[in-house]
Amino acid sequence: MLGKTLTEYVTAAPEIVKNVGGYLSDREIRFLALLGGSRLADGEILEIGSFQGKSTVILAKAANLVGDARISAVDPLVVGEYNSPRELIDKNLSDAGVKDFVDFHQMMSHELAPEWSQPLRLLWIDGDHSYVGASTDFNGFAHHLADGGIIAFHDTINFYDGSLRVFMEDVLLNEHFGAAGLWGTIGWARYHTDPAFALQHRQRNLDLYRRLSRLVPYVAFGNAPTDWWSKASFRFHRCRVPHQELAPEKWLKAVA
Ligand SMILES: C[S@@+](CC[C@H](N)C(=O)[O-])C[C@H]1O[C@@H](n2cnc3c(N)ncnc32)[C@H](O)[C@@H]1O
């Protein structure tokens, strides 16, 4: 049963961060609010890729609601088009009242990985979207997922191959991941130490894998489709991947 406070927070979340720069749709913001505010495992939240702090604020406030001590986030803030001054994320976190609640590591995720040791209840990956980048993040941190924890990748069905392929190969075909799906472009799955708890989801995950696999030829090798026909074909196959927003209660039931 979803508490009234969390339900209200999920609904209000897009408005809370409307002035913070970022790349999340409103339904994705609501999903992050739900993920952060649903304690499905013990452990903390780690965000890879913060930019100006849009998802950081949402996750920190959600974690606050359920009594977490803090969340962690990592971003060097100097990667290509995402170059963003440290002062801006600091200001956005301060304005939202969560600055002291976020352990912000200004470095590349692969630099943080060797020193990371805490169990994770939520691993949110929104950093380097290349295949090598997304694999490095998965390999660096997924083994810290707590039993029942959630992994979530942004832009799984956008024009990037990293999150798509890693979500397909390392998550959907992994016997430890059970309930899984897409909410907007966020690919998510629940981790179980004992594969027996994941088994009942295998057929559904294979079906999702099959649908997602049709997108791979359009984005493999880091290429995004450029001509009209390829873009339209990609979008056609994407329509066939279930990725609608669910009522929070329904999602919680599906993931349980
Ligand atoms: C799409 S933006 C993140 C957006 C943010 N999550 C939001 O909700 O607005 C991607 C971010 O990932 C960061 N990034 C890229 N490679 C990274 C890496 N290897 N480790 C950590 N962060 C990285 C970039 O600096 C950029 O700020």
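## Ground rules

Buried means under 20% relative accessible area, exposed means over 50%, and partly exposed lies in between, using a 1.4 Å probe and protein chains only. This is a predicted model: local features need pLDDT of at least 70, side-chain atom pairs count only at pLDDT 80 or more, and totals for chains, interfaces and linings use all residues. Residues are numbered from 1 along each chain as its sequence is written, and side-chain values use heavy atoms, with hydrogens and water left out.

## Aromatic pairs

Rings of Phe, Tyr and Trp (its six-membered ring) pair if their centres lie within 6.5 Å; planes under 30 degrees apart are stacked, over 60 edge-to-face, and the rest tilted. The count is 14 aromatic pairs. Phe31 and Trp183 are stacked, because their ring centres lie 4.4 Å apart and their planes meet at 10°. Phe31 belongs to helix H2 (residues 26-37) and Trp183 to strand S6 (residues 177-183), so the pair ties together parts 152 residues apart in sequence. Helices (H or I, at least four residues) and strands (E, at least two) are DSSP runs, numbered from the N terminus. Phe31 is buried at 0% relative accessible area. Trp183 is buried too, at 2%. Ring pairs link Phe31, Trp183, Trp188 and Trp251 into a cluster.

Phe138 and Phe177 form a tilted pair, 6.4 Å centre to centre with 50° between the planes. Phe138 sits in helix H6 (residues 131-141) and Phe177 in strand S6, so this pair joins parts 39 residues apart in sequence. Phe138 is buried at 10% relative accessibility. Phe177 is buried at 4%.

## Charges over rings

A charge sits over a ring if NZ of Lys or CZ of Arg is within 6 Å of the ring centre and within 35 degrees of the ring normal. The charged end of Arg165 sits over the ring of Tyr131, 3.8 Å from its centre. Arg238 lies over the face of Phe159, 5.9 Å from the ring centre.

## Salt bridges

A salt bridge puts a side-chain nitrogen of Lys or Arg within 4 Å of a carboxyl oxygen of Asp or Glu. There are 10 salt bridges. Arg165 forms one with Asp161, with the closest N and O atoms 3.7 Å apart. Arg165 is partly exposed at 25%, whereas Asp161 is buried at 5%.

Lys91 and Asp95 also form a salt bridge, at 2.6 Å between the closest N and O atoms. Both lie in helix H4 (residues 86-95), 4 residues apart, about one turn of the helix. Arg39, Asp68 and Arg121 are linked in a network of salt bridges.
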